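Open the model in your viewer and keep the sequence panel beside it. This tour goes from one selection to the next.

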Amino acid sequence: MKALAARRHDRRAPVVLLLLALLVTGGLYAVLAPTSADAATAPASASASDVDAGQKLFQANCATCHGVNAEGTDSAPSLIGVGAAAVDFQVGTGRMPMQATGPQAPVKPVQFDDEQIAQLAVFVDSLGGGPSIPTADQVDASQGDVANGMAIFRTNCAMCHNAVGAGGALSQGKFAPSLLETSPTHLYEAMLTGPQSMPVFNDANITPEEKRDVIAYIAEQGQPAPGGLDLGSLGPVSEGLWAWVVGMGLLIGAAVWIGAKSS
C-alpha cells in the first residue's frame, strides 16, 4: 500500500492522468458524437475530372478577383471553406461573377449551365469543404409546416425581407431581395450560408426541418391572395400610397366637379 501511495504522489502522475483523460474523451466523442447534417447531405464524391474542369472554369472566370487558388484578394474574399452550397447559390442565381462593383451583387442572368455550376462547386468544395448543396427531400415544400414556417420567418427574416418575403431596403444602398421567385434550393442555401448582408442560420439556429418549413411558407405566398389585390404585398406603404393618390384624388376631383356645377 505504501508503494502504491508513493507512486500516486509521483510528479509525472498528473501528466499521465491528463493524457489518459484526453484519450478517453476523444474516443468517446468519436463514438457518440452525432453525425453532421452537412456530412449527411454531402453529394456523391466528385470525380477528379469534375474537380479539374471546375478549376479551369474558376481560373477563367473567378481567379481575377478571388485569387488563383481562391485565397482571396483585396477586392474579393477567400473561398476556402465556403462549401459547395455557397457556390451553387452565388453562381446559380447569377450574382457571380459580378459585372461591376457595388454595395451588393444583384441577381442577373446565369452565365453557366447546371453542369458547369456543379463543377465550380465541387472544385471550391475540394479546397476546404463547407456546407453542402441540400437534397431534394430537404427543400420539398410539400413536406413543410406552413404555420411553423411563418412563425420562424417572421421572427428571423421579416425585418429585412418583409412579412411575406417581398423584399425591402437596407442601409448604404443594400437591399433584401424578394424571395417570391427564388427556388427552394437557393432559399435553403441562403439560410445555410448567409450571403452578403444576411446572417448565417446554421442547423443549430434553424434546423433542416425548420428550413423546410420556411420554404413551405414562402411557397405559399405564391398562391393567389385570398383578400384580392395584394398591392405588391408591401403593407402600409403601398396601401397608404393607394389611399392618398387614388382616394384623395377622387375626393379632390369630386370637390372640383361640385364647385364647377354650382357656379
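**Where two helices meet**

Select A85, A86, D88, F89 and G92 in α6, then T185, H186, E189, A190, L192 and T193 in α10: these two sets are in contact. By type, the residues of this contact divide into 5 nonpolar, 4 polar and 2 charged. Keep in mind that the model is predicted.

Now show the two helices as cartoons. How far apart are the axes of α6 and α10? They lie 9 Å apart, and the helices pack at an angle of about 125°. The crossing of α6 past α10 is left-handed.

**All of α6**

Next, select residues 83-92, the whole of α6. Are they buried or exposed? Buried means under 20% relative accessible area. By that cut-off 10 of the 10 residues are buried, so the helix is largely enclosed by the rest of the structure. Among them are G83, V87, Q90 and V91.

Step past the end of α6 to G94. Its phi is positive, near 80°.

**Zoom out**

Show the whole chain. It holds 12 helices and 2 strands. Follow it from the N terminus: the elements run α-α-α-α-α-α-α-α-α-β-β-α-α-α. Of its 263 residues, 30% count as buried.

How values were computed
Residues are numbered from 1 along each chain as its sequence is written. This is a predicted model: local features need pLDDT of at least 70, side-chain atom pairs count only at pLDDT 80 or more; totals for chains, interfaces and linings use all residues. Side-chain values use heavy atoms; hydrogens and water are left out. Helices (H or I, at least four residues) and strands (E, at least two) are DSSP runs, numbered from the N terminus. Buried means under 20% relative accessible area, exposed over 50%, partly exposed in between (1.4 Å probe, protein chains only). Axes are lines fitted to C-alpha atoms, for helices over the stretch in contact, and angles run from 0 to 180 degrees between N-to-C directions. A crossing is left-handed if the near helix is turned anticlockwise from the far one by less than a right angle, and right-handed if clockwise. Contact means heavy atoms within 4.5 Å. Ala, Val, Leu, Ile, Met, Phe, Trp, Tyr, Cys and Pro count as nonpolar, Asp, Glu, Lys and Arg as charged, and the others, Gly among them, as polar.
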